[in-house]
Amino acid sequence: MSVITSQRVLFLVFCRSKRLISIVNEERNWSGTTVRSVSVIYVNRNVLLKPHPSRLQSWNEKVFYFQQPTAQKNVSTTVYEEIDMELSGAHILVDGLKREGVEYIFGVNGGAAMPIFDALYDETEVKLIPMRHEQGASHAADGYARATGKVGVALATSGPGATNLVTGIATAYMDSIPMVAITGQVMTEFIGSDAFQECDVIGVTRPICKHSYLVKSCDEVADVVAEAFHLARTGKQGPVIIDIAKDAQRAETIFQHPDTVDIRSYKPQVNGDPAQIAKAAALIKEAKCPMLYAGGGVVLANASEELRKLTLNTQIPITVTLMGLGAFPETHPLAMEMPGMHGSCCANYAFTDADLVVAIGARFDDRVTGDLGKFAPKAKKIHIDIDPSCIGKNVPVDVPIVGDAKNVLTELNKLVDTADIDPWRNQIQEWKQKYPFEYEQKGNKVMPQYVIEKIYEHYSDAIVVADVGQHQMWAAQYFKFTDPRTWLNSGGLGTMGFSLPAAIGAQLGCPDKTVVNINGDGSYIMTIQELVPAITMKLPLKIFIINNMYLGMVRQWQELFHDKRYSAVDYHDNPDFALLAQAFGATGLRVEHPEDVEPALLKAKGINDGPVVIDFIVDEEENVFPMVPAGAGLGDVIRGLS
Amino acid sequence: MSKEERHIFSVMVENRFGVLARVAGLFSGRGFNIDSLNVAETHDKSVSQITLVTHGDAQIIDQIYQHLNRLIDVIEVTDLTTGTHVERELLLLKISTEDPRKRAEILQVAEVYRARVIDTKPSSLVLEITGDEGKLEAAIEIFNTYGILELARTGKIAMMRGGTN
Ligand SMILES: Cc1ncc(C[n+]2csc(CCOP(=O)(O)OP(=O)(O)O)c2C)c(N)n1
Ligand SMILES: [Mg+2]
């Protein structure tokens, strides 16, 4: 056996990255008694951890010796073993995040999460991004996930920290965004006692997450982290909660990250049934007036390429929903633009006349279908979705296909050809030409649609993050999206305040892209505090406020359906957003005239050492058209102009 | 609207805390009905079985099935009503015997329902009856004429006939 000196042991230790090595020093004194001392080195962090005495026993069993055979009793022998790491729950958690490839974690600190924040303090692989409000943290994690397709991670303390995350979790849930939200919980012994800052987070979030874990022991952490990420990013994606008690964060244990995750009760069906796909292909072949209707699921499944192929192979007209914008280029002649309440007349008329609707990763949302009784009355329906509960929920379906959009479309593409539907295509072209999105210039006002058109002109390559309201609809209508993951918005929950923090997440995830935030005056002020981390990190966000001094979307409904009784929507008491931006430390500009729109946009282009806020003072009472009033059929769309 | 039907679901779930809340929350959150619910461990300690009676039209029943399946802790969902199945319920009745002359009569009726007497006191006795819903309803009706002091009912448990399901 070889003689190994302490120095050599250390050398070996440093050759193995990320491993924890224990060094056992045995010394025998003259009387023959063995004195053992054990030290542990966690190589990755170069931190010497004290082993837990109770673990000594179990280590000994696994020891393999490089022992100096010795007759002399006073020679010290160095023994080492490679052991599974013994770390605190918090460090295991962080280690797990690294294994999952997490780059950023967005959080706000607090008592019950302090050990986790402490573990992140000197961490370089997983970068902690302190936000100013937990809602901002969850939206930032969400924006990161939407822009990159990776799992976003948010972190908050117990009680109020956790409840502040809730809006962001629900937002991600409604749009099936992969996210892991980690919350500190009070000590296990206090759970259920109404302890200080205790809140049943698992209970509160039960209906708004894909799954949740309450972790009461550090022994569960490694498995829970692996499962949580697996659940978040597979099947129908969504947020998963890890609520971890403070004592479980602190306690140390030997652990092993699982190599694979196998949850016996969770086996999402990713491949479509070939017989169903064949039936779909047959229907597509027969149809005289078919249309494709693609949603956010196509983006989530990274199936835009396959969708393009299907559209081009078949030459069937396509409408892409608010959640799916960019899945198919809106600039293509076959594109009918988005359907629904504020969608294009063309897409809505197409639904009304189609004899076949092929839904792909879209869910027949009520904002798309209008009155279900009048929705696509002549059409057979094919519905491709990863989530079987989504199929047949709102609309009866003729050919359901459960599976991942990418897989199903790949198979479907093998079975379809150019459709022989010229008269229908001509009809679509006619509608398209006759009813484009349009608006009227009022006097010398800055028209909100004009601002969006100009933003598109100068930032067509950007990732656009919109908030909720009229400005969101105008952005969707007048910006032409050509690539997936370049349009981020809270379509399902419609969460005001989403966009600024989401833009932060998107910019961190895509540092080489320009990120444009199209915000409303009402929405912006809901999470305005997140300007602070954006400035601190010098993120070159372009924050464009479409400022109509109103909760415009609600005002529009009041104008049309409540006799102009403008209850609680008048925001003329808004602060000066340009000055406010400057007070925060960002560049702030104010635009009040149409001729200043372009120069301001160009100026913003040149400022890249931090966020630029442009406050566009637009026409106050402009409405979004076309509009299908709630409860009406898509054919009853109000086109708006005379 | 197609017509409403009663369905019995057998739901195999992970035997963990919080699972029942997820199942129950799904029903309350989505406005589905629960007529009865029964939960117990199975021979495999890691699995619990929930027997759930619900009603709704075909579309609702399909949604219930799909949403149950969507819960991560749900291992398997079977709609027992789609095949031939057996169902049973257990009923405990405490009946007043203040009037000693009625005691013999009560015991005779109990015989008809194959009820077992599992406790007797001078002024009351406790009967155990198993059966399907119809039988239990009938028993309750008749025993009520003697004065039911207390009633406890399990809700249904059920399984498919034959095969391995
Ligand atoms: C958190 C939240 N509260 C309320 C609403 C209801 N709501 C929908 S749009 C809207 C107005 C948004 O105002 P603003 O951000 O100024 O956008 P605008 O419609 O004026 O473009 C409101 C209040 C919402 N969607 N989210
Ligand atoms: Mg506004």
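A:Asp521 belongs to helix H20 (residues 521–524) of chain A and A:Tyr550 to the loop between S21 and helix H22 (552–561) of chain A, so the pair ties together parts that are 29 residues apart in sequence.

The model is predicted: local features need pLDDT of at least 70 and side-chain atom pairs count only at pLDDT 80 or more, while totals for chains, interfaces and linings use all residues. Residues are numbered from 1 along each chain as its sequence is written, chains are lettered from A and ligands numbered from 1 in the order in which they are written, and side-chain values use heavy atoms, with hydrogens and water left out.

Helix H17 (residues 448–458) of chain A is largely enclosed by the rest of the structure, because eight of its 11 residues are buried. Among these buried residues are A:Tyr450, A:Val451, A:Ile452, A:Lys454 and A:His458. Their cover includes helices H18 (470–478) and H24 (597–606) and strands S20 (515–520), S21 (542–547) and S23 (612–617) of chain A. Helices (H or I, at least four residues) and strands (E, at least two) are DSSP runs, numbered from the N terminus.

Chain B contains four helices and nine strands, in the order β-α-β-β-α-β-β-α-β-β-α-β-β from the N terminus. Its C-alpha atoms fill a box of roughly 55 × 40 × 35 Å along the principal axes. Of the 165 residues of chain B, 40% are buried. Among contacts (heavy atoms within 4.5 Å) in chain B with a separation of 6 or more, 74% join residues 24 or more positions apart.

The predictor assigns the complex an ipTM of 0.90 and a pTM of 0.90. For chain B the mean pLDDT (the predictor's confidence in each residue, from 0 to 100) is 94, and 98% of the residues reach 70 or more. Among the elements of chain B, the lowest mean pLDDT, 93, is that of strand S9 (residues 157–160), and the highest, 97, that of strand S4 (residues 74–79).

Conventions: Buried means under 20% relative accessible area, exposed over 50%, partly exposed in between (1.4 Å probe, protein chains only).
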